[in-house]
Amino acid sequence: MIKLPQISEAEYQVMKIVWAHAPINTNDITNILLKTTNWSPKTVHTLIKRLVSKGALTYKKQSRIFVYSPTIKENEYVVQESNSFLNRYYDGNISSMVCAFLDDNKLSEAEIDELRSLLSKRSKKGDK
């Protein structure tokens, strides 16, 4: 698996917009973020530039407008970050993570039922 770039929480907010709307220009990214954050347009532009320099975004210049597209897939990034979290906090042991959530009552009965269903489906899939 290719190591994807490290992305900060703020950069991740930009990436979520690009993943959802690509190709998307600077003004559209900024306008969307201004509705949900208190960031200035300059902050948004800085985050975009960082993502380009990290190789997470690519762009094309269309006259005076920069249009951005992701170079990494959202699901690949989420899997990498999930694995990183699991390794960092639970030594890669998913059972320990689930137990921690169960012990702290972080999972509702509906979520526990959903997990049972997912595990049951996965188990049946493996039997074939």
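## Pockets, salt bridges and local contacts in a predicted model

The second largest pocket has a lining made up of Gln6, Ile7, Ser8, Glu9, Tyr12, Tyr77, Val78, Glu81, Ser82, Ser84 and Arg88. The structure described here is a predicted model. Two elements, H1 and helix H4 (74-90), each give two or more residues to the lining of this second largest pocket. H4 supplies the largest share, six residues. By class, the lining comprises four nonpolar, four polar and three charged residues. The space within the second largest pocket is about 190 Å³.

The largest pocket holds about 420 Å³ of space. It is lined by 15 residues, and those closest to its centre are Val98, Leu115, Arg116, Leu118 and Leu119. Helix H5 (94-103) and H6 are the elements that give two or more residues to this lining. H6 gives the most, with 10 residues. In the lining of the largest pocket, eight residues are nonpolar, one is polar and six are charged.

| Pocket | Volume | Lining by class |
|---|---|---|
| Largest pocket | about 420 Å³ | eight nonpolar, one polar, six charged |
| Second largest pocket | about 190 Å³ | four nonpolar, four polar, three charged |

Arg116 belongs to the group of residues closest to the centre of the largest pocket, and its side chain also meets that of Asp113 in a salt bridge with an N to O distance of 3.0 Å. Asp113 and Arg116 both lie in helix H6 (residues 109-127); because they are three residues apart there, about one helical turn separates them. Arg116 counts as exposed, since its relative accessibility is 53% and the cut-off for exposed is over 50%. Asp113, with a relative accessible area of 41%, is partly exposed.

A search of the whole structure finds two salt bridges. Are the two partners buried or exposed? Glu11 counts as buried, at 2% relative accessibility, while Lys54 is partly exposed, at 37%.

Helix H3 (residues 41-53) contains Pro41. Pro41 has a relative accessibility of 39% and therefore counts as partly exposed. Leaving aside residues up to four places away in sequence, Pro41 touches Thr30 and Leu34. The C-alpha atoms of Pro41 and Thr30 are 6.0 Å apart in space, although the two residues are 11 residues apart in sequence.

Two local features concern H5, one of the elements lining the largest pocket. At the start of H5, a side-chain oxygen of Asn93 comes within 2.9 Å of the backbone nitrogen of Ser95. H5 is followed by Asn105, which has a positive phi, near 55°.

Notes:
Residues are numbered from 1 along each chain as its sequence is written. This is a predicted model: local features need pLDDT of at least 70, side-chain atom pairs count only at pLDDT 80 or more; totals for chains, interfaces and linings use all residues. Side-chain values use heavy atoms; hydrogens and water are left out. Helices (H or I, at least four residues) and strands (E, at least two) are DSSP runs, numbered from the N terminus. Buried means under 20% relative accessible area, exposed over 50%, partly exposed in between (1.4 Å probe, protein chains only). Contact means heavy atoms within 4.5 Å. A salt bridge is a side-chain nitrogen of Lys or Arg within 4 Å of a carboxyl oxygen of Asp or Glu. On a 1 Å grid over the protein atoms alone, a cavity is a set of points where a 1.4 Å probe fits but cannot get out, and a pocket is an open set with protein on both sides within 12 Å along at least five of seven lines; lining residues have an atom within 4 Å of a point. Grid points are joined across faces, edges and corners, and a volume is the space filled by probe spheres set on the points. Ala, Val, Leu, Ile, Met, Phe, Trp, Tyr, Cys and Pro count as nonpolar, Asp, Glu, Lys and Arg as charged, and the others, Gly among them, as polar. A polar contact is a pair of N or O atoms within 3.5 Å; within protein, one must be able to donate a hydrogen and the other to accept it, and residues adjacent in sequence count only if both atoms are side-chain atoms.
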